[in-house]
Structure formats: C-alpha cells, structure tokens
Amino acid sequence: MSIALRTWPRPERGALFVVSGASGTGKTTLVQEALRHIPGLGFSVSATTRPMRPGEVDGRDYHFIDRPRFDAMVSSGELLEWAEVYGQRYGTPRAPVDAAMARGDSVLLDIDVQGARQVRAAMPQAVTIFVLPPDIQTMERRLRARSTDSDAVIAHRMANAQKQLAGAAEVDFVVVNDDLESAQDQLQAVLVAELCRRSRHPSMIARFTR
Ligand code: ADP
Ligand code: 5GP
C-alpha cells in the first residue's frame with residue numbers, strides 16, 4: 001500500500017531531491033514508483049556513456065551519448081555534477097534542473113555518492129536521501145538477479161560497496177529497502193513530508209495568518 005496522493009497542495013518552492021546509494025540497493029525501482037505516485041515531481045534524466053540496457057529508452061531513462069559528447073558537456077559547464085562510475089561517465093544536465101527550480105517544480109536526481117556530494121556542495125538546500133540494503137549479501141543477490149551486468153562488473157560493484165555505503169552518514173534521510181512495499185512507503189513519506197514543509201508554502205500560510 002503505497003502513498004497515493006489525490007489532492008496536492010503544490011509547493012510554491014519546489015524541492016531538489018537527491019537519491020543515492022550503492023548499486024543494487026533498489027534506487028531505480030523505488031524512484032520509478034515514487035514518480036508514479038507523487039504529482040508534480042519530475043525526474044532528472046542523466047547523460048551517460050554506458051550502453052543502453054534492454055527495456056531502457058533513450059531520453060527517458062538516460063540520454064545515451066558517446067564519450068566525446070560527454071566530455072564536451074563537462075567542458076562547457078552543462079553538467080551540474082558528474083562522476084565516473086564503474087568505468088562509465090554519468091552526469092546531471094544543469095539546464096532542466098535550473099528551469100524546474102525556477103518554476104517552483106520539484107526534481108529528483110538518482111545519482112551516485114560522489115555526485116550527491118557535488119550537488120550538496122553546489123546547492124545546500126538539496127534534500128538528500130540514501131537507500132540502504134538490508135545487508136550486503138542481499139544486495140549482491142539482487143544485482144545477480146537483475147542479470148544486467150557481467151560477473152566482473154558485479155564483482156567490481158561489490159568491492160566498491162563499502163565505500164559507497166559510507167555515503168549514508170552524510171545524508172538527511174535513509175530508507176532501508178528490505179520489504180519493497182515498506183521501502184516505497186518510507187521514500188514516499190519522506191518526499192511528501194518535505195513537500196509539506198511550511199517554508200515551501202508561504203502564500204498559503206499568509207492567507208490564514210493575516
Ligand atoms: P539500483 O538502481 O540501486 O542499482 P535496482 O532498482 O536496479 O537497483 O534494483 C536491483 C535489483 O533488485 C532489481 O532487479 C530489482 O528488481 C530488485 N529489487 C529492488 N528492491 C527489491 C526488494 N525490496 N526486494 C527484492 N528485490 C528488489
Ligand atoms: P546504472 O548504470 O545502474 O543505471 O547506474 C550506476 C550508478 O550511476 C547508480 O549509482 C546511479 O545512481 C548513478 N548515476 C546515474 N546517473 C547519474 C548522474 O547523473 N550522476 C552521477 N554522479 N551518478 C549517476
């Protein structure tokens with residue numbers, strides 16, 4: 001039973017949400033469900049040099065681009081943050097995030113721990129959320145079950161997991177993805193609570209307090 005909002009007090013000041021965590025913890029699964037349930041929340045489509053996985057759509061899941069194009073985006077300052085993750089580059093295009101924030105809309109970034117640090121440094125108002133696995137063995141089992149990575153890539157992801165998981169100490173909120181429905185509720189509860197924050201609704205408050 002995930003939170004389904006039917007009426008929505010749209011915040012005047014949108015939020016920039018950053019969801020991070022080690023690979024295989026379930027970020028993509030949780031984020032996609034949250035985007036379906038929470039109106040007015042947009043997903044920041046990252047640029048990446050990694051090959052497309054079956055089922056992914058260019059422009060929806062990622063902008064799939066080659067390395068020269070990626071490096072040109074870095075040089076021209078088009079990326080809000082970027083990082084190399086398992087030999088591939090990933091970055092957040094700056095313009096759509098700036099435009100959404102200027103309109104008062106909310107945006108959600110699903111990025112790695114290095115990227116989350118860069119966003120926090122550039123935009124301290126960002127709301128950071130970390131997805132934790134119930135334990136390391138479950139995380140590895142899920143990566144294998146996903147069947148999208150070679151054994152070598154999975155081994156590399158697992159070797160890096162401890163370093164990635166240390167990122168949990170730096171965020172505002174944590175979500176533990178053991179039972180999927182419960183994790184969905186945790187993430188959506190965090191997003192909704194943040195969007196209900198008084199400071200995001202100044203005119204509505206003024207109407208009743210004048
Ligand atoms: P990430 O985006 O963090 O790398 P994914 O969302 O791709 O992780 O999840 C990794 C795999 O684990 C996927 O196959 C997904 O369906 C599965 N998964 C995610 N959450 C759960 C859960 N709570 N229980 C069981 N399997 C899960
Ligand atoms: P995947 O290849 O599994 O889609 O993603 C691998 C990792 O890259 C995940 O941890 C994901 O959150 C991260 N990632 C995706 N987009 C970006 C981005 O724009 N910037 C950064 N820094 N990491 C990203």
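The second largest pocket of this predicted model has a volume of about 180 Å³. Its lining consists of 13 residues, and those closest to the centre are Arg50, Pro51, Asp149, Val153 and Arg157. Two elements, β6 and α6, each give two or more residues to this lining. By class, the lining of the second largest pocket holds 6 nonpolar, 3 polar and 4 charged residues.

The largest pocket contains about 990 Å³ of space. It is lined by 40 residues, of which Thr28, Arg53, Tyr62, Asp110 and Arg146 are the closest to its centre. At least two lining residues come from each of α1, β5 (79–85), β6 (88–93), α5 and α6 (151–165). Helix α1 provides the largest share of the lining of the largest pocket, with 7 residues. Sorted by class, this lining has 13 nonpolar, 14 polar and 13 charged residues.

Both ligands were placed relative to this pocket. Ligand 1 sits in the largest pocket, and ligand 2 also sits in the largest pocket.

The shell around ligand 1 is made up of 13 residues, and the closest of them are Gly24, Thr28, Thr29, Arg146 and Asn177. Helices α1 (27–37) and α5 (136–146) each supply at least two residues of this shell. The largest share, 3 residues, is supplied by α1. In terms of class, the shell around ligand 1 comprises 2 nonpolar, 7 polar and 4 charged residues. Several side chains place polar atoms beside the ligand. For Arg146, a polar side-chain atom lies 2.8 Å from an oxygen atom of ligand 1. For Arg142, a polar side-chain atom is found 3.3 Å from a nitrogen atom of ligand 1. A nitrogen atom of ligand 1 is also 2.8 Å from a polar side-chain atom of Asn177. Ligand 1 exposes 570 Å² when taken alone, and 75% of that is buried by the protein.

Around ligand 2 there are 16 residues, with Ser46, Arg50, Tyr62, Glu81 and Tyr90 the closest. Strands β5 and β6 each contribute at least two residues to this shell. The class composition of the shell around ligand 2 is 5 nonpolar, 4 polar and 7 charged residues. In the side chain of Thr92, an N or O atom is 3.4 Å from an oxygen atom of ligand 2. On its own, ligand 2 has 510 Å² of accessible area, and the protein covers 95% of this.

Empty space left between atoms is shown by rolling a probe the size of a water molecule over them. The structure holds 2 cavities of 30 Å³ or more. The second largest cavity has a volume of about 40 Å³. Its lining is formed by Ser20, Val113, Ala116, Arg117, Arg120, Phe130, Gly167, Glu170 and Val171. Helix α4 (residues 113–122) gives the largest share of this lining, 4 residues. The lining of the second largest cavity divides into 4 nonpolar, 2 polar and 3 charged residues.

How values were computed. Residues are numbered from 1 along each chain as its sequence is written. Chains are lettered from A and ligands numbered from 1 in the order in which they are written. This is a predicted model: local features need pLDDT of at least 70, side-chain atom pairs count only at pLDDT 80 or more; totals for chains, interfaces and linings use all residues. Side-chain values use heavy atoms; hydrogens and water are left out. On a 1 Å grid over the protein atoms alone, a cavity is a set of points where a 1.4 Å probe fits but cannot get out, and a pocket is an open set with protein on both sides within 12 Å along at least five of seven lines; lining residues have an atom within 4 Å of a point. Grid points are joined across faces, edges and corners, and a volume is the space filled by probe spheres set on the points. Ala, Val, Leu, Ile, Met, Phe, Trp, Tyr, Cys and Pro count as nonpolar, Asp, Glu, Lys and Arg as charged, and the others, Gly among them, as polar. A residue is near a molecule or strand if one of its heavy atoms lies within 4 Å of it. A polar contact is a pair of N or O atoms within 3.5 Å; within protein, one must be able to donate a hydrogen and the other to accept it, and residues adjacent in sequence count only if both atoms are side-chain atoms. Accessible areas come from the Shrake-Rupley method with a 1.4 Å probe; for residues, only the protein chains shown count as cover. A molecule sits in a cavity or pocket if more than half of its atoms lie within 2 Å of its grid points.
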